Structure formats: structure tokens, C-alpha cells
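The sequence and model come first.

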Amino acid sequence: MGFLRFCWFISTIIVFFSNPTPVAAGDIVHDDKFAPKKPGCENDFVLVKVQTWVDGVEGAEFVGVGARFGTTIVSKEKNANRTNLTQSVPHDCCTPPKNKLTGDVIMVTRGHCKFTTKANIAQAAGASAVLIINNQRELYKMVCEPDETDLDIHIPTVMLPQDAGVELERLLSNRSSISVQLYSPRRPVVDIAEVFLWLMAVGTILCASYWSAWSANEAAIEHDKLLEDFSEELSNTKLVGTSGIVEVNTKSAVLFVIVASCFLVLLYKLMSAWFIELLVVIFCIGGVEGLQTCIVALLSRWFKHAAQPSIKVAFFGAVSYLTLAVLPFCIVFAVLWAVYRDYKFAWIGQDILGIALIVTVLQIVHVPNLKVGTVLLGCAFLYDIFWVFISKKLFHESVMIVVARGDKSGEDGIPMLLKIPRMFDPWGGFSIIGFGDILLPGLLIAFSLRFS
């Protein structure tokens with residue numbers, strides 16, 4: 001399996017330091033660190049659910065973000081009023097609207113004047129709330145200018161993304177009767193999905209580390225037996241079963257971080273739908289190799305003769321009957337996941353492929369001593385800090401977070417991570433952890449077990 005192992009190793013270089021920062025569903029991208037709170041403009045930013053009804057029938061639900069100013073939005077759905085939605089005329093609401101408002105929620109477009117100006121004009125016209133439609137797909141935190149004083153705003157103001165505005169304008173142009181309900185349910189501090197994700201990550205590390213230690217011990221015992229019988233012939237022979245082991249040295253540990261940084265910048269610059277598809281293909285290749293390695297290792301305990309290399313295949317070298325039997329299943333599994341990866345339960349297939357890949361990496365990549373381990377973990381620590389925080393100074397946004405979310409790609413982030421859907425979070429979404437966050441401690445634990 002030399003060719004597949006080579007492809008797998010290339011994929012490992014890419015994912016080794018891909019440590020996506022967990023991103024909640026509907027996270028907001030605008031940085032507001034220069035927008036301090038002040039009287040009349042001191043609300044916490046909250047995500048807001050905007051449930052719609054079209055001609056009395058429940059319709060789509062949109063997610064917006066509440067402004068720093070205005071009244072706070074109720075947290076419970078049962079306490080939220082269902083109110084008629086009206087399009088502002090003019091649309092930007094920078095001048096008093098021509099249409100009559102009697103407690104309606106008014107929808108306005110962003111631009112031409114301040115957010116607070118729109119809210120004040122809408123409040124004076126009798127609106128009960130303001131929905132401001134952004135001119136981009138992202139959400140933007142609405143703040144106050146440092147010199148603003150007209151902040152006596154007593155109605156809630158919410159920003160919606162551009163696609164939500166397009167849909168609502170379409171419905172209003174069809175003269176449909178639209179009503180909306182605004183509420184902001186609180187997110188639990190810890191969702192049970194995060195507990196399961198932690199157990200999954202720790203279980204993967206323990207299983208892979210013990211397997212690595214057991215394999216190394218078994219290889220050492222076998223080598224000692226061979227030395228006893230053929231001491232002269234094998235005096236210069238390496239340990240049996242270690243020919244496929246990659247030992248990380250100090251130089252390669254530093255090089256890993258440099259290569260990973262280059263790949264991260266490449267991901268950032270080339271982030272698009274086609275590039276995500278390329279990453280999916282690479283992930284599938286690594287997942288197939290990892291899955292077949294794990295399955296063959298398990299089945300070889302019962303089918304020892306079938307697990308011995310017996311057939312030579314072009315590009316792959318000598319392979320066993322067991323490998324040939326297992327490989328088609330692994331390929332089909334990976335292809336099915338790739339085809340249906342946007343479906344609701346596709347995260348299960350992604351986690352299976354990811355865990356198999358991580359286990360295989362921890363089997364093959366070894367840290368030889370504490371010096372190398374210290375250098376590797378130290379470089380990884382600096383890598384994370386630089387690309388999550390310091391990169392904002394150079395790129396005006398966090399490169400790591402942008403890559404993790406899959407911004408500019410139209411896709412739901414990169415596939416190189418484990419994920420579990422949140423179970424009790426009203427906002428839905430996934431709890432995620434990057435492969436690097438599992439591999440790095442796994443290498444150290446595997447090293448400790450091998451030399452304990």
C-alpha cells in the first residue's frame with residue numbers, strides 16, 4: 001500500500017496543524033473591540049431568531065443580530081409578540097417613511113445614514129421594531145458612533161443577512177401578508193454534545209496510543225526472538241514492523257509548523273468551493289488508508305494467513321488478500337460520505353474516517369524523545385497563537401477562523417475535523433475539534449506509553 005500511504009501522508013501534512021477554532025452557528029464576523037459601551041448603547045450582542053408567517057402559515061426562520069442600542073429582545077418564544085412586517089418607503093429609512101406604521105415591524109436597507117438614525121426615524125413613525133437588511137451575507141454588529149447623543153431608542157433593532165432580506169422582499173412584493181416574531185433564546189453554557197466530543201477525542205487518543213505502544217512492544221519482542229535464533233544474520237537488521245514508522249526529529253518538528261503555515265495561507269488565499277472539493281478528495285484518500293489500516297489490523301487477529309503480504313500489485317507493492325478484500329469497502333464508504341456529506345447524518349461518516357486517519361497517524365508517526373516533543377508542542381503553541389490572534393494584524397481577520405468556517409467558499413467549513421451536532425442548543429450547529437488538537441497530545445501520550 002505504498003502509493004496510498006504516500007497520498008495519506010500528504011493529507012496528514014495538510015491536516016496535522018489544521019486546528020479550527022470552534023465556531024457557533026450564526027457567529028458574527030465583525031470585530032467590535034473599538035466600540036465600547038455607553039449610556040443608551042450598552043446592550044450585549046445577541047443572536048436573534050426571526051420567525052415568519054406568510055398569510056397565516058408558518059414560514060422560514062432567519063437569524064439576525066441585535067444592536068448595541070435599543071431595548072433588549074425577549075429570550076422566550078412564548079413571550080414574543082407576532083407583529084406585522086412592513087417595507088419602509090423609502091427603503092433606507094433615512095427620512096420619515098411615507099407609509100403609515102401602527103406598531104408594525106419595519107424592514108429597511110442598510111446605507112446612506114447611521115443605524116441609530118434609522119432606528120430613531122422608525123420609532124418616531126410608530127414602528128415596534130426595526131429589521132435592517134445587510135448588504136452582505138455576513139452579519140454585522142451595529143454600534144454607536146463615539147460622538148452620538150441621540151440614543152433614546154426604545155424599540156429593538158436587528159440586522160439580517162442579505163439573503164434573508166431578498167426572501168422577505170420577494171414575499172412582500174407578492175403582496176403577501178407577513179408577520180414576524182423576534183426572540184433571542186439563550187445558549188446553554190455547555191451542551192452535552194461537547195461532552196461526547198471530548199469523550200470521542202480522549203477515547204481516540206487512548207486507543208491509538210495503547211495500540212502504538214502495544215505494537216512497538218510486540219515488534220521488540222519479535223526482534224529479540226529473531227536475534228536469539230539468527231544473531232549473526234540479523235545483527236544489522238532494523239526492528240521488524242518499524243519500516244513504516246516515521247520518527248519526528250527536531251528539524252522536522254519545526255519544518256512541520258512552517259509547512260503547515262504555508263498550507264494554511266494557501267487555504268486562506270484559495271478558499272473557494274472547488275478548493276473545498278479538493279480538500280474533500282484529499283481527506284477521503286487519507287480516510288480510506290486509515291480505515292483500511294484499522295480494519296485490517298483488527299481482522300488480522302482472526303485471519304492471520306490472509307493478512308500476510310502475498311500479491312504484488314502495480315504501484316502498491318506486496319499486499320495481502322485481507323487488504324484486497326477490505327479496500328473496496330473503505331473506498332465505497334468514503335465515496336458515499338463525499339457524495340452525501342451535506343446531509344443531516346453525514347457527520348457520522350466524517351467522524352469515522354477522521355478517527356481512522358488519526359489512529360493511523362499515531363501508529364506511524366512517533367516522537368523519539370522529550371526534546372523533540374517539547375519542540376513540537378512549543379512550535380504548535382506559537383502556531384495557534386499567531387494564526388488565531390496575531391494574523392488579524394496582517395490580514396485584518398483571523399486566518400485560522402476564516403479557514404475553519406470556510407468563508408468565501410459557500411461550504412460549511414473544511415472537512416478535517418471531528419463534529420457532533422449540538423443537542424440542546426436552540427441555535428443548532430455543531431461542536432467541533434480539529435485533528436491537530438487530538439494528534440498533538442496523542443503523540444505525547446503514545447510516546448509516554450511506549451517508554452513506560
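## Strands E3 and E4

Threonine 86 has isoleucine 106 in E4 as its bridge partner. Strand E3 (residues 82-87) and strand E4 (residues 105-109) are parallel and share 3 bridges; strands pair if DSSP finds at least two bridges between them. Strands (E, at least two residues) and helices (H or I, at least four) are DSSP runs, numbered from the N terminus.

The model is predicted: local features need pLDDT of at least 70 and side-chain atom pairs pLDDT 80 or more, while totals for chains, interfaces and linings use all residues. Residues are numbered from 1 along each chain as its sequence is written, and side-chain values use heavy atoms, without hydrogens and water.

## The barrel

Seven strands form a closed barrel in the order E1-E2-E6-E5-E4-E3-E7, with mixed pairing. Neighbouring strands of this sheet are turned by 40° against each other on average, direction ignored.

## Strand E6

E6 (residues 157-160) pairs parallel with strand E5 (residues 129-133) over 4 bridges and antiparallel with strand E2 (residues 57-66) over 2 bridges. Methionine 159 in E6 stands opposite isoleucine 132 and also opposite valine 65.

In a regular strand the side chains alternate between the two faces of the sheet. On E6, Thr157 and Met159 are buried on one side, and Val158 and Leu160 on the other; buried means under 20% relative accessible area with a 1.4 Å probe, protein chains only.

## Whole chain

The chain has 11 helices and 13 strands. Of its 452 residues, 46% count as buried.

Conventions. Buried means under 20% relative accessible area, exposed over 50%, partly exposed in between (1.4 Å probe, protein chains only). Axes are lines fitted to C-alpha atoms, for helices over the stretch in contact, and angles run from 0 to 180 degrees between N-to-C directions.
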